[in-house]
Amino acid sequence: MRSELNEVYLIDQYLLGRLSKEEEQVFEASLLLDEAIAEKLEAQRTAHRLIRRYALKEERRRLEEIYQLLLDEPDFAHKIKTI
Amino acid sequence: MTRQSEDPITSLYRDSFPDFARMIRRMGGSLEEAKDAFHDALLIYIERERARKLNLHSSPKAYLLGTARICWLHTRGKVPISELPEGYEAAEPEDTNEEEREQSLLESLVRSGKKCMDLLKAFYYDHCSMQDIANRFGFNGRRSATVQKYKCLEKVREAIKTTQAYAQ
């Protein structure tokens with residue numbers, strides 16, 4: 001992987017809590033020394049949040065589709081109509 | 001009534017929702033409210049299951065009905081936050097400017113690269129293995145799927161940095 005991707009990887013491992021204690025300390029020291037890395041860390045944290053937001057949206061859409069499909073089943077539709 | 005090779009969520013839905021809708025009707029709620037609360041609960045169920053954090057003490061159906069009931073009571077303002085099931089924030093939107101900014105950023109990311117977002121979802125949310133991801137997205141093995149994953153993540157990250165710089 002090119003070195004920039006290695007950095008993406010390292011930040012990701014940090015965010016996912018997958019670094020060893022020692023690696024974590026080295027990484028946290030680099031945050032203090034290099035503002036650019038600290039910025040990348042924050043942006044990557046936001047990226048994780050966006051991915052989750054996207055996933056929830058997709059899952060919600062899927063649930064709505066399941067509901068619509070089930071309404072095509074006479075038995076299910078009948079139960080829903082007679083609650 | 002479970003069909004062969006059917007998605008388990010569909011079977012669970014078919015089996016649980018009518019009972020839940022009836023329960024909510026008896027408690028004075030509408031069908032639409034029942035569906036919203038039921039979906040909130042299913043999202044919690046799905047997320048915990050994929051993260052292998054679902055410890056069921058009862059059947060999936062009982063868990064789902066219990067969670068959905070709490071979600072519905074919450075929308076009626078009858079449940080304090082402290083009693084909400086773990087993972088409820090999964091379904092809880094916050095409303096700030098930040099929220100709107102992220103929403104529109106997400107929309108533009110989906111427009112410019114839905115495949116990247118789907119790949120990232122498969123890894124971070126669905127907890128699929130890199131081999132599964134390689135098969136599903138047509139990569140030549142785990143390594144190239146992994147490289148692509150970090151490229152996608154970098155792309156999202158750079159879009160976020162640009163938007164933040166723009167917002168300041």
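Predicted model: local features only at pLDDT ≥ 70, side-chain atom pairs only at ≥ 80, totals over all residues.
Me: How many residues does each chain, A and B, bring to the contact between them?
Reply: Let's begin with area: chain A and chain B bury about 4500 Å² between them, with carbon and sulfur atoms giving 64% of that. The size of an interface is often given as the accessible area lost when the parts come together. Counted by residue, the contact takes 43 from chain A and 52 from chain B.

Me: Which element gives the largest share of the side of chain A that touches chain B?
Reply: Across this interface there are 15 residue pairs in polar contact, both residues at pLDDT 80 or more. On the chain A side, the elements that give two or more residues are helix H1 (3-15), H3 and helix H4 (74-81). The largest share is 25 residues, and the element they come from is H3(A).

Me: And how do the residues on that side of chain A divide into nonpolar, polar and charged?
Reply: Here H3(A) is the main supplier, with 25 residues, the largest share. Sorted by type, the residues of the side of chain A that touches chain B come out as 20 nonpolar, four polar and 19 charged.

Me: What span should helix H3 of chain A have, and how far apart are its end C-alpha atoms?
Reply: H3(A) runs over residues 35-71, which is 37 residues. At 1.5 Å a residue, that should span 54 Å. The end C-alpha atoms agree with this, being apart by 55 Å.

Me: Which side chain reaches a backbone nitrogen at the start of H3(A)?
Reply: The backbone nitrogen in question belongs to Ala36(A). A side-chain oxygen comes to within 3.0 Å of it, and that oxygen is from Asp34(A).

Me: Is Glu59(A) buried or exposed?
Reply: Glu59(A) pairs with Arg62(A) in a salt bridge, 3.2 Å from N to O. Both lie in helix H3 of chain A, three residues apart, about one turn of the helix. An α-helix has 3.6 residues a turn, so residues three or four places apart point the same way. Glu59(A) has a relative accessibility of 2%, and because the cut-off for buried is under 20%, the word for Glu59(A) is buried.

Me: Which residue of chain B meets Arg62(A) in a salt bridge?
Reply: Arg62(A) is partly exposed, at 22% relative accessibility. Over the interface of chain A and chain B there are 12 salt bridges. In the one with Arg62(A), at 3.0 Å from N to O, the partner is Asp7(B).

Me: Which residues of chain B are in the salt-bridge network with Arg49(A) and Arg53(A)?
Reply: The whole structure has 30 salt bridges over all chains. Some link up into a network that holds Arg49(A) and Arg53(A), together with Glu98(B), Glu99(B), Arg101(B) and Glu102(B).

Me: What does Thr46(A) touch, leaving aside its neighbours within four places in sequence?
Reply: Thr46(A) is in helix H3 of chain A. Thr46(A) has a relative accessible area of 9%, so it counts as buried. Its contacts beyond those neighbours are Glu102(B), Ile160(B) and Gln164(B).

Me: How many helices and strands does chain B have?
Reply: Along the sequence, chain B reads α-α-α-α-α-α. Of its 168 residues, 45% count as buried. The tally for chain B is six helices and zero strands.

Me: How many residues apart in sequence are the parts tied together by Asp19(B) and Lys61(B)?
Reply: Asp19(B) and Lys61(B) form a salt bridge, with the closest N and O atoms 2.6 Å apart. Asp19(B) lies in helix H1 (residues 8-26) of chain B and Lys61(B) in helix H3 (residues 60-75) of chain B, so the parts they tie together are apart in sequence by 42 residues.

Me: Where do Arg76(B) and its salt-bridge partner Glu33(B) lie?
Reply: The closest N and O atoms of this pair are 3.1 Å apart. Arg76(B) is in the loop between H3 and helix H4 (97-124) of chain B, and Glu33(B) is in helix H2 (residues 31-50) of chain B.

Me: Is Arg52(B) buried or exposed?
Reply: Arg52(B) has a positive phi of about 55° although it is not a glycine. Arg52(B) lies in the loop between H2 and H3 of chain B. With a relative accessibility of 68%, Arg52(B) counts as exposed.

Note on methods: Residues numbered from 1 in each chain as written. Chains lettered and ligands numbered in written order. Heavy atoms only, no water. Helix = DSSP H or I, 4+ residues; strand = E, 2+ residues; numbered from the N terminus. Expected span 1.5 Å × (residues − 1). Polar contact = N/O pair within 3.5 Å; in protein donor to acceptor, adjacent residues only side chain to side chain. Salt bridge = Lys/Arg side-chain N within 4 Å of Asp/Glu carboxyl O. Buried < 20%, exposed > 50% of the residue type's maximum accessible area, 1.4 Å probe, protein only. Contact = heavy atoms within 4.5 Å. Buried area = accessible area lost by both parts, 1.4 Å probe. Nonpolar A, V, L, I, M, F, W, Y, C, P; charged D, E, K, R; others polar.
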